[in-house]
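Subject: Structure handover

Hello,

Here is the structure I said I would pass on. My notes on it follow below.

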Amino acid sequence: MAYIPLRIDFVEPDTYCTRIGDNGKNHGFPTGTAYILRDDTNGKEYPFGRTCASYVVNDISLLKGLPDFTIRDYSQEEQDAQGNGTGDSKGNTYATVINSEREQAFAKRYLLLRMEKVANIPGIQTGIRYERLASIYANFQQTGQLSDDEVRQIINIEKSEKTPAIYKSNHLLDVYTAYIQLSRRIKRTKPGNYKDMLINILNVHLLQRLTLYPKQISAAKLKLHPQAFKS
Ligand SMILES: [Zn+2]
């Protein structure tokens with residue numbers, strides 16, 4: 001059985017690691033983030049901690065240069081202050097990532113943000129899905145790989161002056177991060193004025209205008225990057 005590492009992503013709060021530890025127990029994800037790996041035998045995706053992921057892949061170098069969708073999430077800061085840190089730290093800490101791997105990861109992430117991650121959020125505005133990325137995305141779905149030429153094309157699109165600020169990589173990551181946090185808060189909130197306000201912030205501002213005011217971010221208690229939505 002081989003697991004293929006796909007990305008670093010958010011997981012629901014009650015998610016457990018797929019691998020049973022050597023002590024017979026399995027652990028959760030205090031950081032709310034995990035390595036997402038695909039089981040080649042059934043095509044399904046499973047969450048792992050960083051250490052556990054390294055046990056189940058055939059080649060540990062596959063864990064380098066993964067697209068990380070969690071870097072603009074700042075809820076971690078709070079948890080660190082409370083001393084909740086565990087061995088399963090967030091982020092791509094395989095530090096010896098070389099430039100070409102970093103570019104691969106950036107390009108994969110941007111492709112997925114525009115064609116899948118943000119584009120597939122229910123009620124999101126339609127401008128995110130980008131026709132010029134469609135054939136690259138179709139190939140990527142088949143192979144899981146990007147050629148050097150495709151990586152260059154994707155990065156050029158992201159850097160292009162013609163690409164509006166709201167469709168840049170960090171901005172879409174902020175939309176994705178805010179969406180995860182806001183929809184969870186809505187789920188946990190009892191019906192009433194506050195919940196209605198949160199739903200309005202989500203539907204009207206985040207999903208249609210792709211932006212939030214600082215006031216809305218603090219009212220919804222979102223923990224976002226300090227520069228989020230300031231572009
Ligand atoms: Zn684990």
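Is the crossing of helix 3 and helix 5 left-handed or right-handed? The crossing is left-handed; the term applies if the near helix is turned anticlockwise from the far one by less than a right angle, and right-handed applies if clockwise.

Before the rest, two points on the source. This is a predicted model, in which local features need pLDDT of at least 70, side-chain atom pairs count only at pLDDT 80 or more, and totals for chains, interfaces and linings use all residues. Residues are numbered from 1 along each chain as its sequence is written.

Overall make-up

The protein has eight helices and three strands. Helices (H or I, at least four residues) and strands (E, at least two) are DSSP runs, numbered from the N terminus. Along the sequence the pattern is β-β-β-α-α-α-α-α-α-α-α. Of its 231 residues, 33% count as buried. Buried means that 20 or more other C-beta atoms lie within 10 Å of the residue's own, exposed means 12 or fewer, and partly exposed is in between, with C-beta atoms placed from the backbone. Among the contacts with a separation of 6 or more, 66% come from residues 24 or more positions apart; a contact here is a pair of residues whose C-beta atoms, placed from the backbone, lie within 7 Å.

The three strands form an open sheet in the order 1-2-3, with antiparallel pairing. Two strands pair if DSSP finds at least two bridges between them. Strand 1 (3-10) and strand 3 (45-48) are the edge strands, each pairing on one side only. Neighbouring strands are turned by 35 degrees against each other on average, direction ignored.

Strand 2 (residues 33-39) is joined to strand 1 by seven bridges, and Phe10 stands opposite Thr33 of strand 2. Towards strand 3, strand 2 pairs over four bridges, again in the antiparallel sense. There, Tyr35 stands opposite Phe48, and Arg38 has Glu45 as its bridge partner. The hairpin of strand 2 and strand 3 has five residues between the strands, and Gly43 in this hairpin takes a positive phi near 75 degrees. Strand 2 is largely enclosed by the rest of the structure, because five of its seven residues are buried.

The loop between strand 1 and strand 2 holds Ile20. Why does Ile20 count as exposed? Ile20 counts as exposed because it has 12 C-beta neighbours inside 10 Å. Ile20 and Cys52 are 32 residues apart in sequence, and their C-alpha atoms are 8.7 Å apart in space.

Helix 3 and helix 5

Helix 3 (residues 99-117) packs against helix 5 (residues 148-159) at an angle of about 65 degrees, with the axes 9 Å apart. Axes are lines fitted to C-alpha atoms, for helices over the stretch in contact, and angles run from 0 to 180 degrees between N-to-C directions. Helix 3 contributes Glu103, Gln104, Phe106, Ala107, Tyr110 and Leu111 to the contact, and helix 5 contributes Val151, Ile154, Ile155 and Glu158. These residues divide into seven nonpolar, one polar and two charged. Nonpolar covers Ala, Val, Leu, Ile, Met, Phe, Trp, Tyr, Cys and Pro; charged covers Asp, Glu, Lys and Arg; the others, Gly among them, are polar.

Helix 3 also carries Arg114, which is buried because 24 other C-beta atoms lie within 10 Å. Not counting residues up to four places away in sequence, Arg114 touches Ala119, Ile128, Arg129, Tyr130, Leu133 and Leu172. Arg114 and Tyr137 are 23 residues apart in sequence and 9.7 Å apart in space, C-alpha to C-alpha.

Helix 7

Helix 7 (residues 193-209) bends by about 25 degrees at Leu202, the bend being the angle between axes fitted to the seven residues ending there and the seven starting there. Ile201, Leu202 and Leu206 of helix 7 are buried. The buried residues of helix 7 pack against helix 6 (169-188) and helix 8 (214-219). Just after helix 7, Leu210 takes a positive phi of about 60 degrees.

Regards

Notes: Two residues are in contact if their C-beta atoms, placed from the backbone, lie within 7 Å.
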